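I opened this entry to record what I looked up in the structure.

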Amino acid sequence: MAASARSQRLGGRTFVAVVLIAITELFFLPGKPLDAAQWKADVAGNDGARHEMAPRMVAWNSLVGLPRAEVVEMLGDPSRTGASQGDDLKYRVGNERSLFALDSEWLLVRFGTDDRVREARLVTD
């Protein structure tokens with residue numbers, strides 16, 4: 001009986017942990033997970049898909065440490081407008097998030113000397 005009671009407590013704790021993780025993800029973490037097909041389909045950043053995904057990639061450092069080839073495979077070729085500097089990649093996310101959006105928002109991906117992502121952040125032009 002003791003083993004059964006212990007097993008039930010453990011199962012209950014696991015359930016509570018899963019529920020807390022789900023609540024945290026839904027309410028406290030920005031954006032939504034990357035869907036590579038949606039990201040690539042929203043090349044101009046006009047349908048909002050990139051606006052939903054980019055903040056989470058930045059907040060979770062999802063790209064940091066990935067090799068350049070893997071980033072390009074996941075996100076597609078960088079945007080043709082908004083010139084990248086050096087070896088950086090720039091992806092248009094959409095219009096700047098503000099009441100008077102005059103600029104564009106970009107996902108800037110910077111690489112280290114080992115050709116792996118060292119930083120990813122959102123910038124405006």
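I take a nonpolar core to be a set of buried Ala, Val, Leu, Ile, Met, Phe, Trp, Tyr and Cys residues joined through side-chain atoms within 4.5 Å. The model I examined is predicted.

Entry 1, the core. I looked up the largest nonpolar core and found that it has 17 residues. Those with the most contacts inside this core are Trp39, Leu63, Val71, Leu75, Tyr91, Leu107 and Val109. I then noted the elements that give two or more residues to this core: helices H3 (49–59) and H4 (68–75), and strands S1 (89–95), S2 (104–111) and S3 (117–124). The largest share, four residues, comes from H3.

For Leu107, I set aside neighbours within four places in sequence and listed contacts with Trp39, Met57, Val58, Leu63, Leu75, Leu89, Lys90, Tyr91, Val93, Ala120, Arg121 and Leu122.

I located Asp88 in the loop between H4 and S1. Asp88 counts as buried because its relative accessibility is 12%, and the cut-off for buried is under 20%. Its side chain makes a polar contact of 3.1 Å with the side chain of Arg110. Leaving aside neighbours within four places in sequence, I found Asp88 in contact with Leu108, Val109, Arg110 and Phe111.

I placed Thr124 in strand S3. With 44% relative accessibility, Thr124 counts as partly exposed. I noted that Thr124 and Glu96 lie 28 residues apart in sequence and 6.7 Å apart in space, C-alpha to C-alpha. Beyond neighbours within four places in sequence, Thr124 is in contact with Glu96, Asp103, Ser104 and Glu105.

Technical notes:
Residues numbered from 1 in each chain as written. Predicted model: local features only at pLDDT ≥ 70, side-chain atom pairs only at ≥ 80, totals over all residues. Heavy atoms only, no water. Buried < 20%, exposed > 50% of the residue type's maximum accessible area, 1.4 Å probe, protein only. Contact = heavy atoms within 4.5 Å. Polar contact = N/O pair within 3.5 Å; in protein donor to acceptor, adjacent residues only side chain to side chain.
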